[in-house]
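User: I would like to learn how to read helix packing, chain contacts and charged pairs from a structure. Could you take me through them step by step?

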Amino acid sequence: MKDARQLIIQPYIRILFLISCIAGACLIAEPVFLGGFYVLVILPLFYLNGALRKNMNLLIFGMVPIFLSFVLLYILVSGHSNDAWGFIILKCLRLLVITSSLQFFLSIPKIYLLPTFRAWGLGGQTIITVLGTFTVWEDIQFRAGKIIEARFARGFITERTAWQKAIQLPHILVPLIIGIFRTSVERAESWEQKKILVLVDSLRPAKPKFPVFLNCFLIFASLTWMTLTLIYHFK
Amino acid sequence: MNSTTKQTNMTTLAFLPLAIAINIGIGAIVKALNLPLYLDSVGTILTTILLGWRLGAVVGVLGFLITSLIINPFAAYFIFTQVVIAGATGIAARNGWFKKVISTILFGIGLGVLAAIVSAPVIILVFQGATGNGSALVTAFFVKTGHQILNSVFLSGFSIEPLDKVIQCLLVFYILKSIPKTLLSKFPSENLKRNNLI
């Protein structure tokens with residue numbers, strides 16, 4: 001159900017949108033325009049993509065600490081006047097727009113990763129590397145959990161707190177990475193037998209049907225934003 | 001291409017996702033604890049020593065892009081730093097700097113200074129020094145002592161990065177010393193011989 005809400009965007013339009021967002025955010029110096037673009041274009045796109053929560057995490061856990069850092073550096077410590085607030089808001093909004101557009105660009109639905117990478121000219125090795133990272137992540141978490149449990153059973157960890165687990169890091173890393181090495185060698189032998197590179201290169205996923213309205217809207221939004229920012233910048 | 005070369009290429013391909021996951025995992029733990037450290041390049045340094053600086057850079061760049069997607073959205077701004085780390089580690093590995101603890105520590109200090117120099121323009125241009133993490137507090141300290149924000153960012157970087165990179169280099173050193181030589185010999189790198197690892 002979650003995947004069904006994810007937006008099917010043509011790979012080159014995805015790149016165009018990213019470039020226009022970044023270029024526009026860098027050129028424009030009006031917080032109102034930046035805020036309006038974020039609220040009227042970026043937020044709805046995240047909502048339609050079923051990833052609004054991800055962007056809200058960026059806003060709350062990313063931008064709020066940065067805003068507070070700005071206040072600390074430019075108002076409390078530097079002792080600048082109230083003019084600094086305008087500067088701070090502009091910088092925060094600019095960072096928010098650029099980072100959100102980057103987040104949106106990277107939020108490719110799993111089932112469209114292969115056609116998107118193919119469209120961008122990336123080969124089977126890159127696809128295997130990126131997709132493999134997500135699949136081995138769970139394996140690493142499982143192994144790390146096992147090692148922590150073993151150390152807890154032997155009395156090396158006294159309390160099950162995040163800090164206690166964190167200071168086990170040096171003791172976890174060596175057996176974890178040795179296990180990773182063995183896994184990668186075994187996986188390599190398996191992939192060699194299955195001729196995985198040939199399999200991936202010969203995969204021909206069905207061409208996705210890109211929603212015309214959405215993709216046209218993205219092209220329109222990108223070009224309009226670029227035009228407005230260029231007019232603003234060179235007026 | 002003979003079967004040994006094919007097997008080695010497959011080992012490389014199978015190892016890369018794991019190295020990226022190492023970068024992501026350790027960096028995530030440190031970020032969750034809000035420590036004034038990063039520890040997000042262990043996979044990059046490890047891959048560079050085992051497979052060369054190009055693949056090390058690939059691990060660093062892809063790792064940071066995936067990190068920015070799932071953990072820290074601002075990681076993507078520092079992908080060039082990862083390329084520089086891979087390049088510097090490649091040069092150090094080629095010259096046998098990972099043979100002994102003392103040379104590893106010295107390289108870690110140099111790598112930290114280099115990383116601070118490369119990251120500073122990003123921190124200044126993109127974040128204006130306000131990164132929202134522990135390093136921003138260090139920057140604020142230097143601003144309070146009378147330094148300009150630009151200088152404070154450099155000083156903050158020089159305070160944190162060398163320690164961070166020394167820890168990461170030492171971690172990689174001990175990891176490589178602990179891995180059985182039969183496993184390490186599967187990786188096609190002259191650096192392993194140059195650093196007395198096999």
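User: At what angle do the axes of helix H2 and helix H5 of chain A cross?

Analyst: Two packed helices are described by the angle between their axes and by the distance between those axes. In this predicted model, helix H2 (residues 11–27) and helix H5 (residues 83–106) of chain A have axes that come within 9 Å and cross at roughly 170 degrees. Because angles over 145 degrees count as roughly antiparallel, H2(A) is roughly antiparallel to H5(A).

User: Which residues in H2(A) and H5(A) meet, and how do they divide by class?

Analyst: From H2(A), the residues A:Arg14, A:Ile15, A:Phe17, A:Leu18, A:Cys21, A:Ile22, A:Ala25 and A:Cys26 meet A:Arg94, A:Val97, A:Ile98, A:Ser101, A:Leu102, A:Phe104 and A:Phe105 from H5(A). By class, the residues of this contact of H2(A) with H5(A) divide into 12 nonpolar, 1 polar and 2 charged.

User: How should I read the packing of helix H3 and helix H4 of chain A?

Analyst: Helix H3 (residues 31–48) and helix H4 (residues 52–77) of chain A have axes 7 Å apart and pack at an angle of about 130 degrees, which makes H3(A) oblique to H4(A). On the H3(A) side, A:Tyr38, A:Leu43, A:Phe46 and A:Tyr47 take part, and they meet A:Leu52, A:Asn55, A:Met56 and A:Leu59 in H4(A). The contact of H3(A) with H4(A) has 7 nonpolar residues, 1 polar residue and no charged residues.

User: And in chain B, what is the handedness of the crossing of H6(B) and H7(B)?

Analyst: I would begin with the angle: the axes of helix H6 (residues 134–144) and helix H7 (residues 149–178) of chain B cross at roughly 125 degrees and come within 8 Å, which makes H6(B) oblique to H7(B). The crossing of H6(B) and H7(B) is right-handed. In this contact, B:Ser135, B:Val138, B:Thr139, B:Phe142 and B:Val143 of H6(B) meet residues of H7(B) that include B:Ile149, B:Ser152, B:Val153 and B:Leu155, and the contact of H6(B) with H7(B) divides into 7 nonpolar, 5 polar and no charged residues.

User: How much area do chain B and chain A bury between them?

Analyst: The size of an interface is often given as the accessible area lost when the parts come together. Chain B and chain A bury about 4800 Å² between them, with 83% of it on carbon and sulfur atoms, and the contact takes 55 residues from chain B and 52 residues from chain A. Of the area that chain B buries against chain A, B:Met10, B:Leu18 and B:Leu69 supply 13%, more than any other three residues.

User: Where is A:Lys195 found, and what is its phi?

Analyst: A:Lys195 is found in the loop between helix H9 (169–194) and helix H10 (196–202) of chain A; although A:Lys195 is not a glycine, it has a positive phi of about 50 degrees. In chain B, B:Asn196 lies in the segment after helix H9 (190–194), and B:Asn196, not a glycine either, has a positive phi of about 55 degrees.

Key:
Residues are numbered from 1 along each chain as its sequence is written. Chains are lettered from A and ligands numbered from 1 in the order in which they are written. This is a predicted model: local features need pLDDT of at least 70, side-chain atom pairs count only at pLDDT 80 or more; totals for chains, interfaces and linings use all residues. Side-chain values use heavy atoms; hydrogens and water are left out. Axes are lines fitted to C-alpha atoms, for helices over the stretch in contact, and angles run from 0 to 180 degrees between N-to-C directions. Helices (H or I, at least four residues) and strands (E, at least two) are DSSP runs, numbered from the N terminus. Angles under 35 degrees count as roughly parallel, over 145 as roughly antiparallel, 65 to 115 as roughly perpendicular and the rest as oblique. A crossing is left-handed if the near helix is turned anticlockwise from the far one by less than a right angle, and right-handed if clockwise. Contact means heavy atoms within 4.5 Å. Ala, Val, Leu, Ile, Met, Phe, Trp, Tyr, Cys and Pro count as nonpolar, Asp, Glu, Lys and Arg as charged, and the others, Gly among them, as polar. Buried area is the accessible area (1.4 Å probe) that two parts lose on being put together, summed over both.
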